[in-house]
Amino acid sequence: MVKSRAVRIILMTLGSLAVLAGTIGIFLPILPTTPFLLLAAYCYVRSSLPLYRMLMNNRFFGSLLRNYLEGKGMSLAYKAITLTLLWLVLGLTAFLFTPLTVVRIILGVVAVGVSIHILTLKTVSRLADRTKKEVSPPG
């Protein structure tokens, strides 16, 4: 835990902005959800243990974040939803709203890269994904 009050406030603000960006990333696949939530966890664990616990025990993000941090992966349902939304949004963006070929190629590369990452993650059973366990800060 950081001692300086000013640094703690900055970290809490940055963590909260990261949660906001991660939440937006659920609906806008060009923003990656998991890295923003990992950044938020990093900021919160160093600035506010109540905010860290709230994030890690959140009913929407908690199990996903815990499974990712523990190397357990994602459930098959979340993988399917993520990949469907990713390709749908990036595909529509590339073909309906982007006239530049280079931007279409970049969007395609991003879609392939994210898809490879998601598909190479371990698959967790739905039961393991739903288990809610109280999380304390590391260390």
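Predicted model: local features only at pLDDT ≥ 70, side-chain atom pairs only at ≥ 80, totals over all residues.
## Basis of the model

Local features are reported where pLDDT is at least 70 and side-chain atom pairs where pLDDT is 80 or more, whereas totals for chains, interfaces and linings use all residues. Residues are numbered from 1 along each chain as its sequence is written, and side-chain values use heavy atoms, with hydrogens and water left out.

## The largest pocket

Rolling a probe the size of a water molecule over the atoms shows where empty space is left. The largest pocket holds about 790 Å³ of space; a pocket is an open set of points on a 1 Å grid over the protein atoms alone, where a 1.4 Å probe fits, with protein on both sides within 12 Å along at least five of seven lines, and its volume is the space filled by probe spheres set on points joined across faces, edges and corners. Its lining has 27 residues, of which Ile26, Thr33, Thr34, Met74 and Thr82 are the closest to the centre, a lining residue being one with an atom within 4 Å of a point.

Two or more lining residues come from each of α1 (5-27), α2 (33-47), α4 (62-69), α5 (76-97) and α6 (101-120), where helices are DSSP runs (H or I, at least four residues) numbered from the N terminus. The helix that gives the most is α5, with five residues. By class, the lining comprises 20 nonpolar, six polar and one charged residue, with Ala, Val, Leu, Ile, Met, Phe, Trp, Tyr, Cys and Pro counted as nonpolar, Asp, Glu, Lys and Arg as charged, and the others, Gly among them, as polar.

## Helix α6 and its faces

The 20 residues of α6 should span 28 Å at 1.5 Å a residue, which agrees with the 29 Å between its end C-alpha atoms; the expected span is 1.5 Å times one less than the number of residues. Leu107, Ala111, Ser115 and Ile118 of α6 are buried (under 20% relative accessible area, with exposed over 50% and partly exposed in between, for a 1.4 Å probe and protein chains only). Seen down the axis, these buried residues fall within an arc of 70 degrees, so they line one face of the helix, the arc being that of the directions from the helix axis to the C-beta atoms. On the other side of α6, Thr101, Val102, Ile105, Val109 and Thr120 are exposed.

## The salt bridge

The structure holds one salt bridge, defined as a side-chain nitrogen of Lys or Arg within 4 Å of a carboxyl oxygen of Asp or Glu. Glutamate 70 and lysine 72 form this contact through their side chains, at 2.9 Å from N to O. Glutamate 70 is partly exposed, at 37% relative accessible area, and lysine 72 is also partly exposed, at 37%.
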